[in-house]
Amino acid sequence: MANQSLSEQLDKIVDALFARPNAASSRREPNVGASLRPLAKIAAQLRDLPGADFKARLKLDLERRTSMASKPVTAAEVRQTAVPYICVKDAAAAIDFYKNVFGATEVMRLVGPDKKIGHAEIRIGNSVMYLSDEFPDHGALSPQTLGGSPVRMSLSVDDVDAVAARAVAAGAKEVRPIEDQFYGERSGQFADPFGYVWNISTVKEELSGAEMQKRMDDIMKQGGFPTAPPAVKPIPEGFHTLTQYLAVKGAATLIDFFKEAFGAEEAFRVPRPGTPLIMHAQLRIGDSILELADATEEFGARAVANILHVDDVAAVYQRALKAGGTSLSAPHEQPYGDREAGVKDPAGNQWYLTEIRKTGHRTEDTRTILPHLSLVGAAEFVEFTKRAFGAEVAFMHDAPEGKVLHARIRIGDSILAVGEASDERAALPAALHMYVANVDAVYAAAVREGAKVLRPLRDEPYGDRAASLQDAFGNLWFPSTHVKDVQF
Amino acid sequence: MKDRSQDAGERRLVEAAQKDPGRFGELYENNFERVYAYIARRVGNREEAQDLTAEVFHQALANLARYEWRGLPFAAWLLRIASNAIADSWKSKAREQGNPSSDELLSHHIDMEDVEQRAKLFRLVTTLPTDQRRVIEMRFAQEKSIREIATELGRTGGAVKQLQFRGLETLRAQLVASSRKKPAAKSASKSGGTNG
């Protein structure tokens, strides 16, 4: 306890050092009791402690100059020739993490008007690394958005156990525990909070390549390495972040309609045991997945709307009517250049057929199926998705009275079209199956932002960890992470 | 004997850097804290200290070919550049503000022993146990509050204050230990003839 009060007293002294506006006097030793006097003196001198970042930055500046000044020194000797350039969600937080955990020093950062980091350079040990924030418009996507990274970072340190403990304390997850490896290193793998996996190692024995090979051959002779179970993809093959999920009366009929009208291909269907009903079916239309099921008490029949990008609006429109759809609007040219038509499928879902004529659309904009949400309170909805799902506004067309006429928001790698419901356009919320790499975090954020829990997060028998939520605007969300491959 | 072999090592480093500026980095590493300590003590403003330190090393790099070995530590040469840079900066400031500069401010006295002691302290910070080092660096070099540090490190304010206390204790113990190892006479002999 005595120690604690000393540390409190000392901190008051340190505070006073920084508080004194007069620079010269703040360097003088403050007035203190005898026991703390030596420490106060050191504290006063540390007032001038240079920043490690500054020291590293100046060194790099000088190195850049010397590389220009002297011919015999090659770029490789002065500047690292090959540099990893990683993209992360929240680069500023990542830089802090690498500083605290790996002892990185910041060399520089370029910050855009949106406060996002366009480019930053850090130094870890003797290596330079570049990083930037995520910029989906420029194809710069983070592992968090992509659901993982195939790149492993390799970090050599003096004390792997200490660095790993620090990493875990700062939020990294152990992927492979630290072990002594046959190739002379003690190492383990850790996923940082930004989706990169670091192989952290300390060399215990200096071995030649031939010696490593011999040890590996010996292990192989004895039956090889124990094999790890195959990795599970948190976002299953073919899925994007958001997929519209239809709950209808007459799912089987509707599947036939989609096949005939939209050229859908059926991936599979799972019948509800003991009934002719469909519990779950998955279709592919163009580059998109559409999921549907016969309505249940829990997941009642509801109509939703989608934009369907097609090559020939007139032809698809005709096929849809022939297959049992009804017309919402005949093919027509829009003033902005697209050719559009509208049909209602036999279950009442609305499909806005769109033939894109203009160029310059982003890839997510031209996915075959683009969920379209007509909502009461579209502007508030956009704010909700920003807070709950990290959505970004890709496009916003405001109506005069502050209502959103038409907006496109990006969540993960998917786009939603959102508009304010009106007399002409009835409210049609969506039902969205949402695949993310870390459902626990997404679920927590959505609930925190007021989403109602219809079914709490749990591991489902089909291998997903999933939940059902409803937001204040009537949309259903099914956030999911695939955690286990299950054979049906 | 020890001092002489250190001198010889430094002389070789300087000559190597004169032939190949790519080797300047080692001289930088050996002297950064000294130059910074000297400048920061005199200007009392972090931004200005950084600007002047950068200027000194850039000047030193540019003029390295002209440096002649006269048996003085390389640091003495760097500190003279620093002293001139500080004086120039004060003169131009005084001119801008229309104030005549005081002789005291422009004095070229370099207290080598004081510089060495402060540089040693700064280098000792990098050898602290990680937790203590992070707290000391954030608190003093980054001038963060206890609350900011606590948030960043995910600890309580009390724990951060404890680490600060322990860090300063460790530094004090190491300073005492190192001053016992080296008799004062040696560092005093180094400070001779560096004025002006």
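Contact here means heavy atoms within 4.5 Å. With that in hand, let us work through some exercises.

This is a predicted model, in which local features need pLDDT of at least 70, side-chain atom pairs count only at pLDDT 80 or more, and totals for chains, interfaces and linings use all residues. Residues are numbered from 1 along each chain as its sequence is written, chains are lettered from A and ligands numbered from 1 in the order in which they are written, and side-chain values use heavy atoms, with hydrogens and water left out.

**Exercise 1. Describe chain A as a whole.**

Step 1: Begin with sequence separation. Among the contacts in chain A with a separation of 6 or more, 57% come from residues 24 or more positions apart.

Step 2: Look at the elements. Chain A holds 13 helices and 24 strands; helices (H or I, at least four residues) and strands (E, at least two) are DSSP runs, numbered from the N terminus.

Step 3: Turn to burial. Of the 488 residues in chain A, 48% are buried, where buried means under 20% relative accessible area, exposed over 50%, and partly exposed in between (1.4 Å probe, protein chains only).

Step 4: Finish with the surface. Chain A exposes about 24,000 Å², and carbon and sulfur atoms supply 53% of this; accessible areas come from the Shrake-Rupley method with a 1.4 Å probe, and for residues only the protein chains shown count as cover.

**Exercise 2. Which elements of chain A each supply at least two residues of the side that touches chain B?**

Step 1: Count the residues. Chain A brings 39 residues to the contact and chain B brings 47.

Step 2: Find the area. About 4,200 Å² is buried between the chains, 64% of it from carbon and sulfur atoms; buried area is the accessible area (1.4 Å probe) that two parts lose on being put together, summed over both. On the chain A side, Gln45(A), Leu49(A) and Lys55(A) lose the most area to chain B, together 15% of what that side buries.

Step 3: Check the charged pairs. The interface has 8 salt bridges, each a side-chain nitrogen of Lys or Arg within 4 Å of a carboxyl oxygen of Asp or Glu. One of them joins Arg118(B) to Asp48(A), with the closest N and O atoms 4.0 Å apart.

Step 4: Name the elements. They are α1 (2–19), α3 (37–46), α4 (52–69) and α6 (91–102).

**Exercise 3. Is Asp464(A) buried or exposed, and what does this residue touch?**

Step 1: Asp464(A) lies in strand β23 (residues 464–470) of chain A.

Step 2: Read the accessibility. Asp464(A) is buried because its relative accessible area is 2%.

Step 3: List partners. Beyond neighbours within four places in sequence, the contacts of Asp464(A) include His433(A), Arg458(A), Ser480(A) and Val483(A). Val483(A) is 19 residues away along the chain, with 5.5 Å between the C-alpha atoms.

Step 4: Pick out the side-chain pairing.
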